[in-house]
Amino acid sequence: MTATAKSAPDVSSQEYLDALRHSCAHVMAQAVQEIFPGTKITIGPAIENGFYYDFDGPHHFTEEDLAKIEKRMRQIAEGNHPFSGKEQSYEESKAYWSGRGEKYKLELLDGIKERGEKITHYTHSTFTDLCRGGHLDSTKGIRHFKLLSVAGAYWRGDEKNPMLQRIYGTAWGTKDALDGHLKMLSEAKARDHRKLGPALDLFSIQELAGPGLIFWHPKGGLMRMIMENWLRAEALSRGYQMVYTPHIANIDLWNTSGHRSFYKDNMFTEIEVEKADYQLKPMNCPFHILIYQSKLRSYRELPMRLAELGTVYRYERSGVLHGLLRVRGFTQDDAHIFCTRENIESEVAGCIDFALAVFAAFGFEKYQMEVSTWDPAKSADYSGEAADWEMAQAALERVLHEKKLPYKLIKGEAAFYGPKIDVKLIDAIGRAWQLSTIQFDFNLPQKFSLEYISHDGSRQRPLMVHRALYGSIERFFGILVEHYAGHFPLWLAPVQVKILTLTDEQNAPAQALEAKLKAASLRPVLDLRGEKIGAKIRDAQLEKVPYMVILGPKDVAAGVISVRLSDGRQFQGLRDDDFIAKLVKECSDKLTKPDWGNA
RNA sequence: GCCGGGAUAGCUCAACGGUAGAGCAAUCGCUUCGUAAGCGAUAGGUUGUGGGUUCGAAUCCCAUUCCCGGCUCCA
């Protein structure tokens, strides 16, 4: 390197952002210890979009405290203190942290020693942390940040450990980046399905009925029906067979499946019925297996794809419930594919194609695939044969390769019963949501001793694939609400057209138009109230209705209609038949909007 | 489940130890109007629930339910 000044860092690179955020965490810890002496520090890493630091102390941080801490952080940052690192011996480090009574740091220190790692301390200003490094050159670079929230977090993420207080912050290389992120956060808040859902009269959760249980109102119910019908039609055309199974079953079934032992924590307690115990179903799998098992199967019947919109009930701890995204009763678009080893690649490919069709239909352009495989070193912890695992994992990866779909390989993350592909959707404002899942199951076929008769007359064990594409209809719907911020594509919109009249004179023509729209299988609603047109438009706009037809004396006299789109564009003098034809086409195209020309 | 915060009319909020109030929505009436709020009237509340302190509690205390931010877990 020459004597010239160091080139400016790329403030948008991940490396820079990690260093910045990590540096923020240190500065925050200094500020907290200055303002609240005696607070013990634990760990404070950089995370996606920001940083946090976990503290232990008697004072409970409030919103006002965050403002104070943030102010002090800015002062420290402006002091332009360099970060410097120094390797220390275990004894030196131990003496330092003992002297300060930092018991968490001492615990971390012992861990570092056990793993035989280097012990380094990083210092800026008056603050020193036990840290492996990765900071900015100086605190001067810390400018575009904001403290966001305080939350509880267990020491080392273990609920048996003490609860610490975590302060979250976000930090960026430029003001624009920070503003952009804060805007995304407020946009996310504005789209929150828990707010929009009830506001648009789509669904509710009722305290009297219990938490985590969803009431689908008429509009949400209609949308759900459309989603379900679409999925059923797709499934049938892709060779699935639709089944229906009970919501409850004798406990013996759950003992056989093994759920009573490995899934007990998530199951509601059993219900006694005539001296036998019954169990509300947390999963559909055993039921589909019973259908498979109801007679002797031939290889000629495979692959057998049994699908159901199966409602399951899972006991979720009260603190984890979240709107439609985490509930106690939900409906999975569940399917179980029973197949031979020869089938697996084409079946996995079929599932992937179906999943991509779902995303395309509902307007999700981005997604991330993750393949979770086993840890062969712990093969005893898994069900099934090593050969089957290897074959299934290879098939999952091969299919994704062939379809040129990028994926992340997560080794050792498979469930004990089989490897899987999870798909995360990326929504309109860049958030990822876990949704579709395609999982092999080497456990249940064994538990239920599933068989088919092979072409050579021998009895063989089929392979089984679980697959859910929406994942849960509730969750998918919640994500849809947020993705579109309530402005649903026409084919899903519960009210597609609102017919607004200027005066009572237009009531009859408005009703005639309503009938015509209904005859074309569209969903119109009349607004004949004695309100001014501006008020009717405002109401329709707030309901996020895609199209408004405005009927006034001039329109009726000319035999035309005026159309207003929810984006504000207006078109006068349209023929109703043309309007209807465009809407019908938009519904069948699903996501392609018609060309309305310029307003 | 755990830590912290919260709950007042359908919604958004006010009253912060001394008679619970506003706007919007709802209902009724008037208005018949050209692209985001016409006017008036009426009705609506054991302040989430249960206890306690007090002459007096929406307000202070305890318990509980539900919600929110996270942790752990997950479709």
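Colleague: Which strand has five of its five residues buried?
Modeller: That is strand β24, residues 497–501, so this strand is largely enclosed by the rest of the structure. Buried means under 20% relative accessible area, exposed over 50%, and partly exposed in between, with a 1.4 Å probe and protein chains only. Strands are DSSP runs of E with at least two residues, helices are runs of H or I with at least four, and both are numbered from the N terminus. Please note that this is a predicted model, in which local features need pLDDT of at least 70 and side-chain atom pairs count only at pLDDT 80 or more, while totals for chains, interfaces and linings use all residues. Residues are numbered from 1 along each chain as its sequence is written, chains are lettered from A and ligands numbered from 1 in the order in which they are written, and side-chain values use heavy atoms, with hydrogens and water left out.

Colleague: Which way do the residues of β24 point?
Modeller: Val-497, Ile-499 and Thr-501 point one way, and Lys-498 and Leu-500 the other way.

Colleague: And which strand pairs with β24, in what sense?
Modeller: Strand β25, residues 524–527, pairs with β24 in the parallel sense over four bridges; two strands pair if DSSP finds at least two bridges between them. Within this pairing, Lys-498 stands opposite Val-525.

Colleague: Changing topic: how many aromatic pairs are there?
Modeller: The count comes to 30 aromatic pairs. Rings of Phe, Tyr and Trp (its six-membered ring) pair if their centres lie within 6.5 Å; planes under 30 degrees apart count as stacked, over 60 as edge-to-face and the rest as tilted. One of the pairs is Trp-374 with Trp-389, which is stacked because the ring centres are 4.7 Å apart and the planes are at 10°.

Colleague: Where do Trp-374 and Trp-389 lie?
Modeller: Trp-374 is in the loop between β17 (366–373) and α12 (386–402), and Trp-389 is in helix α12, so the pair ties together parts that are 15 residues apart in sequence. Trp-374 is buried at 5% relative accessibility, and Trp-389 is buried at 0%.

Colleague: What about Tyr-382 and Trp-389?
Modeller: Their ring centres are 4.8 Å apart and their planes are at 70°, so that pair is edge-to-face. Tyr-382 is buried, with a relative accessible area of 13%.

Colleague: Which charged end sits over the ring of Tyr-292?
Modeller: The charged end of Arg-297 does, 5.6 Å from the ring centre. A charge sits over a ring if NZ of Lys or CZ of Arg is within 6 Å of the ring centre and within 35 degrees of the ring normal. Lys-582 likewise lies over the face of Trp-596, at 4.7 Å from the ring centre.

Colleague: Where is the cis peptide bond?
Modeller: The cis bond joins Leu-302 and Pro-303, with omega about -5°. Pro-303 lies in the loop between α10 (285–293) and β15.

Colleague: What is the phi of Ser-125, and of Lys-275?
Modeller: Phi of Ser-125 is near 50°, and phi of Lys-275 is near 70°; each is a positive value in a residue other than glycine. Ser-125 is in the loop between β5 (120–124) and β6 (127–130), whereas Lys-275 is in the loop between β13 (271–273) and β14 (276–280).
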